[in-house]
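Thanks for asking me to look this one over.

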Amino acid sequence: MAKERILKGIAVSKGISQGTVFVYETKEIKVVQTPVPSMYLKGEIERFLDALEKTKQELTNIKERINKEIGADFAQFLDAQILMLRDREIIETVKKRIKSEEMNAEYVYHRVLDEYARKLGASKDQYLRERVADIWDVGTRVLRNLLDMTHASVIDVPKGSVLVAHDISPSVAALINPDNVLGIAIEVGGRTSHTAITARALEIPAVVGVEGLLARIENGERVILDGNRGILIKNPTPGRNQFYKGEIRKEVEYQKMLSPFCELPAKTRDGRQLDISANIEFFVEYTHAKKYGAMGIGLFRTEFLYLTRRGNPSEEEQFRVYNELAKKMEPDPVIIRTYDLGGDKIFSDYHEANPFLGWRAMRVSLDDLDFFKIQLRAILRASVNRNIRIMYPMISTFEEIKKAKIIFNEVKKELKKEKVDFDDHIQVGIMVETPSAALMSSHFAAHVDFFSIGSNDLTQYVLAVDRGNERVSHLFDHFHPAVLRLIKQVIDAGHKAHIWVGLCGELAADPLAIPLLIGFGIDELSMSPVAIPKAKMVLRALTVQECEEIAAKALKFRGAVEVKKFLRRAIRKKFPGIEGIK
Ligand code: PEP
Ligand code: MG
């Protein structure tokens with residue numbers, strides 16, 4: 001019997017799964033040129049037409065699934081791709097050339113596609129230029145079908161799989177089917193990389209940063225993925241299998257124990273009310289927010305709207321999503337964050353040496369005002385429901401707040417002129433997630449309606465640790481006193497200016513952080529929906545005074561290790577043996 005092997009990584013999404021490895025490879029396709037004898041040319045053309053048909057069927061199935069799970073707006077790019085498959089000009093050219101050149105279908109098709117893509121790429125029309133990626137997406141699928149290659153896309157992963165890859169971009173991760181994918185293991189990444197966030201949103205157990213993963217694992221192997229401990233086990237021994245059976249049973253019981261907390265108010269033992277809201281990436285996640293007892297949406301990461309459909313969603317498309325979300329959540333508030341593109345959420349061909357320090361979030365919006373205005377118009381129009389708030393990501397200077405305000409007022413004026421109704425008193429806030437914004441928060445507070453602290457980016461920028469880099473992930477720690485002191489400073493600055501302050505980074509979902517943040521005086525915590533019941537359980541067992549004492553002590557330590565040791569001890573006293581509070 002093969003020896004058991006334990007591959008270590010970073011635990012990023014809780015849960016345990018047992019399944020069959022599906023290696024997702026982004027390997028390039030090799031197209032070779034093969035002459036075809038004239039008697040077989042008819043068959044070659046048929047082979048090409050069959051591959052087109054098979055591809056159409058695949059895309060239609062994917063479209064139906066996305067329609068159902070993510071929403072019709074996200075499936076629109078597939079309509080465009082299906083249309084491309086029917087392009088008469090391409091089909092006729094390929095057929096003609098197979099005959100005249102007497103060459104194999106994949107070779108001819110690849111060349112025709114290449115010529116077509118080059119033509120589009122050189123076009124003056126931005127929309128046409130953006131279609132080049134679609135052309136290759138569809139074309140690659142057809143080529144894989146011609147070559148009888150599997151694993152064309154992450155969307156095709158069969159039921160019962162543990163998805164294994166070197167890396168998965170957030171836009172690819174967004175297309176994962178949670179019914180089929182039981183677990184995710186990738187070679188790169190850190191806890192707060194956006195792929196990890198997406199795995200948590202989809203409630204799929206995940207381990208990232210597993211060094212040498214692809215060299216050590218094979219397609220079709222049976223594995224256990226432990227998202228609590230951050231390990232992947234190949235060839236598990238019978239004893240190990242037995243152990244995990246018990247773990248899965250315990251997990252179910254634990255969830256059962258937590259479930260009553262979904263319904264209970266988020267109040268400390270001495271009656272202080274805290275707003276616990278949900279972070280969502282996709283519209284349909286509002287159902288998770290409601291199921292787990294969120295009191296609103298504290299962060300809607302709208303960039304996924306963009307990433308899952310490729311290219312700019314129109315004002316109308318955005319309006320429909322925001323409006324629908326506002327209605328579903330009524331009367332609870334919905335904070336819509338304007339696009340946070342860039343960083344690890346790649347959206348253009350523009351390559352940067354340091355994307356997290358580059359053209360990201362508000363920097364993109366304020367450089368492309370038409371793009372920004374379309375989003376603001378859509379959000380404002382949806383604000384007729386009176387429960388929408390706007391939030392700007394990655395603010396680092398006062399000028400950005402000022403400029404955003406000017407544009408925002410212009411958009412409001414336009415809408416008034418057009419007699420379009422909107423919420424004239426809509427709250428406009430900023431994310432505090434750069435060291436400069438945190439340090440200047442007492443000045444910024446006078447110009448906004450709220451702060452939401454982005455502890456993921458704040459930690460990354462304060463500690464100079466790339467949040468997605470597994471090599472330095474041991475240095476990424478939001479309990480570092482430098483981060484905690486800044487968080488406290490931002491909360492104090494906000495309160496002094498009489499605005500509310502929330503926190504929507506992953507720290508909000510960490511039970512160890514809850515007494516600390518309550519002690520600092522936080523007003524709102526926004527987290528993955530699934531984390532809400534545990535957060536409520538923890539905060540309902542505490543009093544504000546206890547939290548203040550814990551917070552005051554925690555600020556005195558020199559390093560994250562000491563802080564966590566202290567917090568663990570403090571919280572264990574309340575919840576002896578509690579899982580997840582390790
Ligand atoms: C953060 O940085 O903490 C945050 C909530 O935003 P994101 O994770 O989307 O960058
Ligand atoms: Mg951020």
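Predicted model: local features only at pLDDT ≥ 70, side-chain atom pairs only at ≥ 80, totals over all residues.

1. Arg467 places a polar side-chain atom 2.7 Å from an oxygen atom of ligand 1. For Arg360, an N or O atom of the side chain is 3.3 Å from a ligand 1 oxygen. The protein covers 100% of the 280 Å² of accessible area that ligand 1 has on its own.

2. Now for the wider surroundings of the ligand. There are 17 residues around ligand 1, and those that come nearest are Arg301, Arg337, Asn456, Asp457 and Arg467. Sorted by class, the shell has eight charged, five polar and four nonpolar residues.

3. Where in the fold does that shell come from? Helix 7 (194–201), strand 10 (297–301) and helix 18 (455–463) each give at least two residues to the shell around ligand 1. Helix 18 has the largest share, with three residues. In terms of domains, at least three shell residues come from domain 3 (302–426), and at least three from domain 4 (431–582).

4. Turning to the aromatic side chains, the structure holds 12 aromatic pairs. One of them joins Phe283 and Tyr286, a tilted pair with 5.3 Å from centre to centre and 45° between the planes. Phe283 is buried, because its relative accessible area of 14% is under the 20% cut-off. Tyr286 counts as buried too, at 14% relative accessibility.

5. A second pair to look at is Phe557 with Phe566. Their ring centres are 5.4 Å apart and their planes meet at 40°, so this pair is tilted. Phe566 is buried, with a relative accessibility of 14%, whereas Phe557 is partly exposed at 24%.

6. Aromatic rings also gather beyond simple pairs. Tyr306, Tyr339 and Phe371 are linked into a cluster by ring pairs. If you are colouring the model, these three residues can be shown together as one group.

7. A few backbone details deserve a look. Most peptide bonds are trans, and most residues other than glycine have a negative phi. The peptide bond from Glu330 to Pro331 is cis, with omega near 0°. Pro331 sits in the loop between helix 12 (315–329) and strand 11 (334–337).

8. Glu203 belongs to the loop between helix 7 and strand 6 (206–208). With a relative accessible area of 31%, Glu203 is partly exposed. Helix 7, on one side of that loop, is also among the elements that supply at least two residues of the ligand 1 shell.

9. Lys419 is another non-glycine residue with a positive phi, near 60°. You will find Lys419 in the loop between helix 15 (398–417) and strand 13 (427–432). Is Lys419 buried or exposed? Lys419 is exposed, because its relative accessible area of 75% is over the 50% cut-off.

Conventions
Residues numbered from 1 in each chain as written. Chains lettered and ligands numbered in written order. Heavy atoms only, no water. Near = heavy atom within 4 Å. Polar contact = N/O pair within 3.5 Å; in protein donor to acceptor, adjacent residues only side chain to side chain. Areas by Shrake-Rupley, 256 points an atom, 1.4 Å probe, with all protein chains shown as cover. Helix = DSSP H or I, 4+ residues; strand = E, 2+ residues; numbered from the N terminus. Nonpolar A, V, L, I, M, F, W, Y, C, P; charged D, E, K, R; others polar. Domains from an automatic or database assignment. Phe/Tyr/Trp six-rings, centres within 6.5 Å; stacked < 30°, edge-to-face > 60°. Buried < 20%, exposed > 50% of the residue type's maximum accessible area, 1.4 Å probe, protein only.
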